[in-house]
There are 2 protein chains.
Amino acid sequence: MIKQKNEDIAYEKIKRAMMLKRLVAGQRVTEEWVGNELKMSRTPIRAAFNRLENEGLMELVPHRGAFVCNPSDKELEDVFNLRIVLESYAAELAVHQMTEENFQEMDQLLEEERKAYEKKDYEEFLRINAQIHAYPARVAQNKFLLQEVEKLNQWSDCYLILRDNFYSTPMNQALSIPEHQGVVTALKKRDIAAAKKAIEAHMLSTLNDLSERTSIFN
Amino acid sequence: MIKQKNEDIAYEKIKRAMMLKRLVAGQRVTEEWVGNELKMSRTPIRAAFNRLENEGLMELVPHRGAFVCNPSDKELEDVFNLRIVLESYAAELAVHQMTEENFQEMDQLLEEERKAYEKKDYEEFLRINAQIHAYPARVAQNKFLLQEVEKLNQWSDCYLILRDNFYSTPMNQALSIPEHQGVVTALKKRDIAAAKKAIEAHMLSTLNDLSERTSIFN
DNA sequence: TTTTAATAAATTGTATACAATCTTAATATA
DNA sequence: TATATTAAGATTGTATACAATTTATTAAAA
């Protein structure tokens with residue numbers, strides 16, 4: 001059992017606070033305040049802030065404080081479009097490398113996703129969702145690609161939640177299960193065109209759902 | 001004039017030391033040692049190390065030290081292939097947004113690149129090279145895409161230099177000038193297929209040159 | 001009243017001291 | 001000699017004190 005560093009714990013807890021909306025978009029937080037909340041000194045908090053800034057989840061303003069990111073519609077669109085490009089590329093690389101074992105693992109992830117949905121365990125659902133999206137990049141074994149796919153996925157989760165748009169209702173999760181299934185089916189057929197189409201459709205479906213929810217009448 | 005933070009200065013200087021091969025691939029460096037060299041305390045050095053690790057230029061091993069990255073052939077290939085994907089996508093987004101002014105700016109960058117080559121100012125050459133590669137992503141105004149394109153470009157530079165493969169001789173720089181020209185020409189014609197082809201060809205030409213130089217007989 | 005200047009407060013940026021952890025070397029034991 | 005144990009050293013990880021910088025407040029002047 002390796003002991004986790006405080007700066008890692010701080011990073012995780014701040015991100016989780018965003019996911020649970022205990023920190024809201026645009027909110028100002030200071031190193032001292034978070035340090036008191038987490039009962040740590042400012043040193044590890046500072047390291048965590050830097051990491052979060054680098055990942056686009058916080059904005060650091062010198063001598064003023066740190067701010068939880070407040071993503072615009074444009075930024076969300078940009079991220080989703082980039083995810084389409086990267087995950088499609090990952091699928092292209094992976095499609096001829098996937099073994100029977102890989103397909104079994106993907107099926108199991110889909111199964112676990114379904115269970116998490118039924119249990120209404122949204123944090124678990126998001127965790128598995130991230131694994132599914134990153135799976136082709138993992139098979140492709142391009143670590144730079146994998147890192148970026150995982151990072152953008154995390155961005156998406158935080159952004160959507162901070163904007164109150166997603167996973168607040170379980171409806172959207174229900175939809176994504178068959179869409180994930182569709183991607184896996186295409187990969188099994190080694191049909192890269194179909195896989196890309198399914199990835200793009202799934203990503204846009206998520207994004208569109210978002211646009212609807214953004215309406216003030218929802 | 002905004003005063004730069006020590007952690008930013010440290011970050012820049014460490015990266016520059018890599019570019020000038022004062023730090024070599026795999027070399028071990030400690031926070032204390034770098035702090036003494038740069039006449040700073042460990043605090044800003046530590047922040048710089050974290051940033052460099054996040055960008056893949058260093059590897060941090062708890063309680064053992066930090067190591068300058070030692071990229072493998074596979075990693076270099078992976079990065080260049082990813083750059084093809086991202087810069088092609090950027091070109092696709094930018095191709096119909098580029099104005100006459102944009103084209104003039106690109107031409108000017110090409111001109112400056114030529115001058116830097118003639119002056120044998122390699123640091124300047126690399127700086128302009130980075131601007132040229134990032135230009136379409138900048139026009140596309142997807143800040144996530146731009147950030148990633150710039151980051152991968154920097155990786156490439158450091159990796160190539162750490163492996164003694166590039167820009168040690170001016171030959172490779174001479175080659176890339178007409179290749180850059182080719183990309184710009186295609187963009188001017190709004191010919192996205194040609195632009196993508198030119199981008200891919202340029203990237204692979206750089207990578208191939210690398211493979212040749214990797215031979216122990218060179 | 002509005003603008004300007006000076007001062008105080010808040011916050012980050014940095015240095016330093018100390019604690020925890022890992023590595024290495026020395027020592028003891030089989 | 002080989003292996004296990006222990007201790008010492010080196011290095012990062014964390015807390016804290018202080019410096020530098022920015023913002024907010026107050027007071028003064030126009």
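Mentor: Let us begin with Lys120(B), which counts as exposed at 56% relative accessibility; here exposed means over 50% relative accessible area, buried under 20% and partly exposed in between, with a 1.4 Å probe and protein chains only. The model is predicted, so that local features need pLDDT of at least 70 and side-chain atom pairs count only at pLDDT 80 or more, while totals for chains, interfaces and linings use all residues. Residues are numbered from 1 along each chain as its sequence is written, chains are lettered from A and ligands numbered from 1 in the order in which they are written, and side-chain values use heavy atoms, with hydrogens and water left out.

Lys120(B) sits in the loop between helix 5 (100–118) and helix 6 (122–140) of chain B; helices (H or I, at least four residues) and strands (E, at least two) are DSSP runs, numbered from the N terminus. Although not a glycine, Lys120(B) has a positive phi of about 55°. Most residues other than glycine have a negative phi. In chain A, Gln141(A) is a residue other than glycine with a positive phi near 60°. Gln141(A) belongs to the loop between helix 6 (122–140) and helix 7 (143–162) of chain A, and with a relative accessible area of 59% it is exposed.

Helix 2 of chain B (residues 31–38) has Glu31(B), Val34(B) and Gly35(B) as its buried residues. Viewed down the helix axis, these fall within an arc of 105° and so line one face, the arc being that of the directions from the helix axis to the C-beta atoms. An α-helix has 3.6 residues a turn, so residues three or four places apart point the same way. The buried residues of helix 2 pack against helix 1, strand 1 (28–29) and helix 3 (42–54) of chain B, contact meaning heavy atoms within 4.5 Å. On the face turned away from the buried side are the exposed residues Glu32(B), Asn36(B) and Glu37(B).

Helix 1 of chain B (residues 6–19) contains Ile9(B), which counts as partly exposed at 24% relative accessibility. Apart from neighbours within four places in sequence, Ile9(B) is in contact with Gln4(B) and Met40(B). From Ile9(B) to Leu145(B) the separation is 136 residues in sequence and 25 Å in space, C-alpha to C-alpha.

Further along chain B, Ser88(B) lies in helix 4 (residues 73–94) and is buried, its relative accessible area being 9%. Residues up to four places away in sequence aside, Ser88(B) touches Arg83(B), Ile192(B), Lys196(B) and Ile199(B).

For the overall fold, consider chain A. It has nine helices and three strands, in the order α-β-α-α-β-β-α-α-α-α-α-α from the N terminus. Of its 218 residues, 48% count as buried. The C-alpha trace of chain A spans about 55 × 50 × 30 Å along its principal axes. Among contacts in chain A between residues at least 6 apart in sequence, 73% join residues at least 24 apart.
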